[in-house]
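Please walk through this fold with the model open beside the text.

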Amino acid sequence: MQRKLDLLKKLLEEIEIVSGPSTSISSSKFEIEGYSYEQIDYHIELCLDAGLIEAEKLATKGGVTYYVKRLTWRGHEFLDNIRNDTVMKKVKKTIQEKGGSFAFEAIIEFASATARGLLLGGA
């Protein structure tokens, strides 16, 4: 399954809205239009792997369920950078122009640099 930057952004926005200090939301509760439960679950796992969220992975009779607790500091930072439509469009356009596939760390760094440039009056 491929990573989808748009789904990642929407998922992080949803987690930001519903999370709190004493909450834990099952991955089955996330519904994002245009994406399957499997895609959402996969991206939750990717977010966990990348250190963007705190979540607990539990085996169930039906497979695996994630209980999402919150965004991490890194998750908030990344979301804040890609929340701006100008930054998100530039990141997606650059990825597409440069070959369509990059390490996630490179995407995080580019989004941060793009947001910083926009903030300082460049980009």
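**A guided tour of the fold**

Lys9 touches Leu79, Ile82, Arg83, Asp85 and Met88, leaving out residues up to four places away in sequence. Contact here means heavy atoms within 4.5 Å. This is a predicted model, in which local features need pLDDT of at least 70 and side-chain atom pairs count only at pLDDT 80 or more, while totals for chains, interfaces and linings use all residues. Residues are numbered from 1 along each chain as its sequence is written, and side-chain values use heavy atoms, with hydrogens and water left out.

Lys9 sits in helix H1 (residues 5-18). Helices (H or I, at least four residues) and strands (E, at least two) are DSSP runs, numbered from the N terminus. Is Lys9 buried or exposed? Lys9 counts as buried because its relative accessibility is 12%. The cut-offs are under 20% relative accessible area for buried and over 50% for exposed, with partly exposed in between (1.4 Å probe, protein chains only).

Next, follow H1 to its helix partner. The axes of H1 and helix H2 (residues 37-49) come within 10 Å and cross at roughly 80°. H1 is therefore roughly perpendicular to H2. Leu7, Leu8, Leu11 and Leu12 of H1 meet Gln39, Ile40, His43, Ile44 and Cys47 of H2. By class, this contact of H1 with H2 has 7 nonpolar, 2 polar and no charged residues. Axes are lines fitted to C-alpha atoms, for helices over the stretch in contact, and angles run from 0 to 180 degrees between N-to-C directions. Angles under 35 degrees count as roughly parallel, over 145 as roughly antiparallel, 65 to 115 as roughly perpendicular, and the rest as oblique. Ala, Val, Leu, Ile, Met, Phe, Trp, Tyr, Cys and Pro count as nonpolar, Asp, Glu, Lys and Arg as charged, and the others, Gly among them, as polar.

Now turn to the sheet. In it, 3 strands form an open sheet in the order E1-E3-E2, with antiparallel pairing. E1 and E2 stand at the edges with a single partner strand each, so one side of each is left without a neighbour in the sheet. H2 packs on this sheet and touches E2 and E3; the direction of H2 makes about 55° with that of E3. Two strands pair if DSSP finds at least two bridges between them. Strand E1 (residues 25-26) and strand E3 (residues 63-71) are joined by 2 bridges. Ser26 has Tyr67 in E3 as its bridge partner, and Ile25 stands opposite Val68 in E3. Strand E2 (residues 53-60) is joined to E3 by 8 bridges. Ala55 also stands opposite Val68. A hairpin of 2 residues joins E2 to E3.

Phe30 lies in the loop between E1 and H2. Phe30 is buried because its relative accessible area is 5%. Beyond its neighbours within four places in sequence, Phe30 contacts Leu11, Glu14, Ile15, Val18, Ile25, Ile40, Ile44 and Val68.

Finish at helix H5 (residues 104-119). At 1.5 Å a residue, its 16 residues should span 22 Å, and the end C-alpha atoms are 22 Å apart, which agrees. The expected span is 1.5 Å times one less than the number of residues. Phe104, Ile107, Ile108, Ala111, Thr114, Ala115 and Gly117 of H5 are buried. Their cover includes H1, helix H3 (73-83) and helix H4 (85-97). Gly121 follows H5, with a positive phi near 100°.
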